[in-house]
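Student: I would like to learn how to read charged side-chain pairs in a model. Can you take me through one?

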Amino acid sequence: MKTAEQYWQDALIIIMSEMNDVTYQTFIKPIIPLRFTDNLFICSLTMDYKAYKDMIKKKYSAKIDSALTQVFGRDMKFVIESDLKENELNNESVNTYKNLRVKENGLRDDFLFSNFIVGPSNNIAHAAAVAVADNPGEDDTYNPLFLYGGVGLGKTHLMHAIGNHILQYNPNCNILYVSCERFANELIESIQYKKQIEFREKYRKLDVLLIDDIQFLSGKEGSQEEFFHTFNTLIDSKKQIVMCSDRKPSEIKTLTDRLVARMSMGLIFDIKSPDFETRTAILEKKAENKNIRIPKEILQYIAYSITSNIREMEGALNKIIMFARFNNRIIDMDLAEEVIKDTIRTSKSNITIDYIQQTTADFYKITVEELLSKRRTQPLTTYRHTAMYLCRKLLEDSLEVIGDKFGGRDHSTVMNGCDKISRLIEKNEEKAAEISALEKRITG
């Protein structure tokens, strides 16, 4: 029997097709599937405050109901766990619901080390996460642990895996996974309802704090102040802190110097876009978990076409599976190309330096780490200069920004590299054709 999470992932494919990404990220992403009864699909919210909850119920519950009804094949109603009242449910639903309990620690039990695919882009961050999970708070070297990288690269998975691993061996450990936005909202509510003491006790008595999207502290002076004191209390008590962000502490705007210093006192690791082999392995694992056999050439096609976002890649796989199921079709290359062509077009229309680097690395069958390394051997140097040249040609980023993204090189290095490729294209037709082919792969 499928789990609530699996049904929810199927429903998300339908929901995402009916709204823009901003709406999805704001209102649908924070919904957490819990369990389901015969006709109720019970969820919790990562931001369970009245205005947000009312907006979901008013504007989006009908869309969610419709999607759930489609994937279950029977009438289903979306309900928020905190709204449930026993007199609203039939006896069977009441009895079922009484056995349901939202995990107060916020952890997803399906995000584990065992189903995290390790590759060159994340192996160091994974090793650090395992070290923290084995000995939380005991080694100052790993406390705090700060993981950063782009959207959908596995940061949140690793945070949940740390929490789940600790609880497996120490069930009484006081752990909390929370988004930075929820932290800020709880602080606001505590001030509004004069419950600051309860708020501080909740956070400062933790054994492990896992806080996601820390970049949202930017511009929130009150939240920064509260987090600073919470941070100090936990660290001084030898409690473990793990933070995730889309950028390193020094790059988070308006973050106070003292908070940047605290966040940087442990270990900081970045997670880059996975290489082709790792992306393919991730898709193979997802298909295996769904007990669906999909030809490897299709998994490779998805991995080749979508390079910068694992969630988007997994969404494409889910879309193919659902399309085949609803239309009673065999999953083959024709179907895959038909279903995800718009996804690929959207993915490739948002070209970034990271995307160019990853695509160049895949094209030349090297890793991004090699591309950004200090090694000056041939043909690696030419590959690196080619990526710089294409960044300069296709993007509006300055030479300084490009150089920083290529391992901290200065603007003159980028300029010289671009000049070398320009001259090479003029003199060598074969090389010009090769770079043209790479550019077409990048631009789609």
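**Salt bridges**

Tutor: Start with one residue. In this predicted model, aspartate 110 is partly exposed, at a relative accessible area of 27%.

Student: Which side chain does aspartate 110 meet in a salt bridge?

Tutor: First the general idea. Side chains of opposite charge can pair when their charged atoms come close. Here, the partner of aspartate 110 is arginine 108, at 2.7 Å from N to O. Arginine 108 is partly exposed too, with a relative accessible area of 24%.

Student: Which residues are linked with Arg108 and Asp110 in a network of salt bridges?

Tutor: Glu5 is linked with them in that network.

Student: Where do glutamate 226 and arginine 200 lie in the chain?

Tutor: Glutamate 226 sits in helix 9 (residues 221-236), and arginine 200 in helix 8 (residues 196-204). They form a salt bridge, with the closest N and O atoms 3.2 Å apart. The pair links distant parts of the chain, 26 residues apart.

Student: Is glutamate 226 buried or exposed?

Tutor: Buried, because its relative accessibility is 7% and the cut-off is under 20%. Arginine 200 counts as partly exposed, at 35%.

Student: How many salt bridges does a search of the whole structure find?

Tutor: It finds 21.

Terms used: Residues numbered from 1 in each chain as written. Predicted model: local features only at pLDDT ≥ 70, side-chain atom pairs only at ≥ 80, totals over all residues. Heavy atoms only, no water. Salt bridge = Lys/Arg side-chain N within 4 Å of Asp/Glu carboxyl O. Buried < 20%, exposed > 50% of the residue type's maximum accessible area, 1.4 Å probe, protein only. Helix = DSSP H or I, 4+ residues; strand = E, 2+ residues; numbered from the N terminus.
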